[in-house]
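Colleague: I have not looked at this one before. Can you walk me through it?
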Amino acid sequence: MSVSRRPFAPLRNLNAKVAAVPMIITVLVVFVGCTLWTVVYSFTSSRSLPTLDFVGFDQYVRLFRTSRWTVSLKNLAIFGILSLTFSLVLGFILAALMDQKIRFENTFRTIFLYPHALSFIVTGLVWQWILTPTFGVQKVVRDLGFETFNFPILTDGRFTIYAIVIAGLWQGTGLVMALMLAGLRNIDDEIWKAARVDGIPTWKTYLFIVIPMMRPVFITTLVIISATIVKVYDLVVALTNGGPGIASEVPAKYVYDFMFSRGNLGQGLAASTIMLTTVLIILVPWALLEFRPRNRSGGASK
Amino acid sequence: MSSSLPSFEPRGHRPKRFVSPASIMIYSVLVVAAIYYLIPLYVMVMTSLKGMPEIRLGNIFSPPVEVTFQPWATAWNSACTGLYCEGIKVGFFNSMKILIPSVILSIIIASVNGYALSNWRFKGSELFFTVLIFGAFIPYQVMLYPLVIITRELGIFGTLTGVIVIHTIFGMPILTLLFRNYFVSLPPELFKAARVDGAGFWRIFLQIMLPMSLPIFVVAIILQVTGIWNDFLFGVIFAGTKNFPMTVQLNNIVNSTQGVKEYNVNMAATILTGAVPLLVYFFSGKYFVRGIAAGAVKG
């Protein structure tokens with residue numbers, strides 16, 4: 001080791017270390033520190049101010065006895081399963097249709113994707129307006145002559161979560177379509193030719209050859225959508241504000257309300273810790289799958 | 001195929017294929033889907049151009065009989081959010097005041113991070129990077145309260161600086177990933193040659209890397225502009241009542257419980273709030289898609 005050219009280890013690459021200071025602080029203080037803080041304080045009796053008075057799992061026990069929380073979880077499950085299923089299926093079908101060397105591809109892509117540029121607040125308010133019984137779809141159908149037509153999706157608590165699903169799909173399917181289209185374009189043309197030579201019908205080629213080959217795209221999409229589903233907040237605030245009653249509450253809203261407007265910090269922290277756990281349950285298996293075999297070179301991002 | 005040819009000229013099999021059952025099916029599905037995606041935009045625009053009496057009587061899909069731009073003026077100048085009746089323009093300027101510094105700051109920091117991570121790795125840099133990427137998936141709700149305490153201690157809670165710092169922090173994972181992947185893909189010979197010539201960390205960054213990075217900067221700007229403009233949660237918590245961004249003010253205008261709901265004004269305000277990201281989207285088409293794809297790449 002030539003001492004004259006290589007400086008003392010901590011000073012080596014000093015500029016790079018200085019440049020990385022904001023990242024290091026963010027990682028240590030925010031992503032690690034704040035998360036740990038939340039987990040630790042979720043075991044305390046904190047109300048409007050944080051206190052270090054540990055009460056074990058009391059907050060969690062109380063949380064799962066609260067109907068508003070269990071309703072939130074149920075809604076998140078319904079919203080999550082329906083959004084995932086429909087956005088993946090519809091997104092893939094749209095992408096497969098767009099991949100048929102069609103005309104006006106750019107126009108269609110623009111139309112499918114523009115809702116994704118809009119905020120959840122805008123999305124929520126527009127669909128609130130379209131689904132309002134007194135003005136929206138219900139009134140339009142009644143005006144057409146079907147006078148007993150009922151579409152109480154926003155006023156009957158049993159259906160409100162589906163309104164959120166509809167709006168969420170409108171906003172998000174375009175993104176899935178774009179990702180899937182990119183995935184389809186990466187499939188070698190030779191595969192299609194070979195399948196055609198073997199006389200395999202198109203739908204079978206998609207189902208048994210193309211989709212399995214697109215596994216990485218599906219997984220990435222799945223992880224991205226799941227992470228946004230768990231966080232869903234703005235959309236609910238704008239579309240239903242959790243109502244009627246508590247019918248369309250979601251965990252993220254529970255956390256916000258208990259932390260910032262009800263002054264019941266312990267509940268908010270316990271609820272957010274459950275959210276964190278949910279994300280880890282999704283993320284850890286994915287990370288293990290993704291990062292274990294590192295011999296696969298290349299990939300979408302290098 | 002040149003479009004100047006008259007359409008009736010015989011041209012082999014193409015016209016036949018164009019109307020094959022398969023293509024009819026493909027186009028009809030796509031057109032139906034396109035209508036579904038366009039309806040909300042159509043309804044928004046139509047509603048915002050009607051007067052209230054016409055809204056109460058007519059249906060939401062019918063075009064306005066009498067076009068009026070009054071709702072737009074009201075939405076911009078005098079719609080009420082909470083106690084104030086100064087219109088959505090207050091929110092618009094707040095959003096701008098948040099947007100511009102947040103975008104600049106987050107992109108500067110992330111590009112330098114990405115550059116350091118790709119060309120000047122140091123012990124632990126990969127570990128920090130991995131945690132950073134994982135941080136992107138942690139629900140914000142988990143970090144919110146401690147961040148409120150930190151910003152309050154720093155004296156920036158409820159200020160524009162506070163919300164700008166928060167946006168910079170939460171933009172960091174995806175932007176750093178974007179820049180790192182881009183810088184890794186540049187030919188390493190350039191970097192080596194510059195080092196041999198004696199250029200240091202900052203000089204290589206400013207004189208060699210930056211001039212080659214325009215495409216990735218465009219993508220990063222698009223991602224950040226749409227992301228920050230559309231934010232609601234950080235604005236409502238960290239910006240403070242005076243500085244509420246447009247999304248928060250819009251929600252306050254539309255979902256306020258008092259008074260008669262002026263749907264036309266609400267829809268005009270909604271369009272105005274959606275206008276900035278929509279313009280970005282329409283004028284940057286290809287880059288927007290690339291930005292989305294880049295935001296989706298694996299770490």
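Colleague: Where do Lys193(A) and Glu190(A) lie, and how many residues apart are they?

Modeller: Both are in helix α9 of chain A, residues 189-197. They sit three residues apart, about one turn of the helix. Keep in mind that this is a predicted model.

Colleague: What do Lys193(A) and Glu190(A) form?

Modeller: A salt bridge, with the closest N and O atoms 3.7 Å apart.

Colleague: Is Lys193(A) buried, exposed or partly exposed, and why?

Modeller: Lys193(A) counts as partly exposed because its relative accessibility is 47%. Glu190(A) is also partly exposed, because its relative accessible area is 48%.

Colleague: How many salt bridges does the structure hold over all chains?

Modeller: Ten. One of them joins the side chains of Arg68(A) and Glu249(A), at 3.2 Å from N to O. That pair links distant parts of the chain, 181 residues apart. Arg68(A) belongs to helix α4, residues 67-98 of chain A. Glu249(A) is in the loop between α12 (234-239) and α13 (251-261) of chain A.

Colleague: Are Arg68(A) and Glu249(A) buried or exposed?

Modeller: Arg68(A) is buried, and Glu249(A) is buried as well.

Colleague: Which lysine forms a salt bridge with Glu249(A)?

Modeller: Lys253(A), and the closest N and O atoms of that pair are 3.2 Å apart. Lys253(A) is buried, like Glu249(A). Shared partners then join Arg68(A), Glu249(A), Lys253(A) and Asp257(A) into one network of salt bridges.

Colleague: Changing topic to the two chains. How many residues of chain A are in contact with chain B?

Modeller: 92 residues of chain A, in contact with 92 residues of chain B.

Colleague: And how much area do chain A and chain B bury between them?

Modeller: About 8,300 Å², with 78% of it on carbon and sulfur atoms. On the chain A side, Met23(A), Phe31(A) and Trp129(A) supply 9% of the area buried against chain B, more than any other three residues.

Colleague: Which helix of chain A gives the largest share of the side that touches chain B?

Modeller: Helix α2, residues 21-41, with 14 residues. By class, that side of chain A has 65 nonpolar, 17 polar and ten charged residues.

Colleague: How many salt bridges does the rule find across the interface of chain A and chain B?

Modeller: Zero salt bridges. What the rule does find across that interface is 15 residue pairs in polar contact, both residues at pLDDT 80 or more.

Colleague: Let's take one residue from helix α2 of chain A. What does Trp37(A) touch?

Modeller: Trp37(A) is found in that helix. Setting aside residues up to four places away in sequence, Trp37(A) touches Pro50(A) and Leu269(A) in chain A, and Tyr145(B), Pro146(B) and Ile149(B) in chain B.

Colleague: Now chain B. Where is Asn94(B), and in which helix?

Modeller: Asn94(B) lies in helix α5 of chain B, residues 89-119. Asn94(B) counts as buried because its relative accessibility is 4%. Beyond neighbours within four places in sequence, Asn94(B) is in contact with Lys242(B), Asn243(B), Phe244(B) and Pro245(B).

Colleague: What does UniProt place at residues 73-286 of chain A?

Modeller: An unreviewed UniProt entry gives the feature "domain: ABC transmembrane type-1" there. In the model, that span is 75% helix and 0% strand, and its end C-alpha atoms lie 22 Å apart.

Colleague: Which residues of chain A does the "transmembrane region" annotation cover?

Modeller: The unreviewed UniProt entry lists residues 21-43, 76-98, 110-130, 159-184, 205-230 and 269-289 of chain A. Residues 159-184 are 96% helix, with end C-alpha atoms 35 Å apart. Residues 205-230 of chain A are 96% helix too, and their end C-alpha atoms lie 34 Å apart.

Colleague: And which residues of chain B does that annotation cover?

Modeller: For chain B, UniProt (unreviewed entry) gives 21-43, 98-116, 128-150, 156-179 and 265-283. Residues 21-43 of chain B are 100% helix, with end C-alpha atoms 32 Å apart. Residues 156-179 of chain B are 83% helix and 0% strand, and the end C-alpha atoms there are 29 Å apart.

Key
Residues numbered from 1 in each chain as written. Chains lettered and ligands numbered in written order. Predicted model: local features only at pLDDT ≥ 70, side-chain atom pairs only at ≥ 80, totals over all residues. Heavy atoms only, no water. Contact = heavy atoms within 4.5 Å. Buried area = accessible area lost by both parts, 1.4 Å probe. Salt bridge = Lys/Arg side-chain N within 4 Å of Asp/Glu carboxyl O. Polar contact = N/O pair within 3.5 Å; in protein donor to acceptor, adjacent residues only side chain to side chain. Helix = DSSP H or I, 4+ residues; strand = E, 2+ residues; numbered from the N terminus. Nonpolar A, V, L, I, M, F, W, Y, C, P; charged D, E, K, R; others polar. UniProt positions renumbered as here; feature names shortened; annotations may be inferred. Buried < 20%, exposed > 50% of the residue type's maximum accessible area, 1.4 Å probe, protein only.
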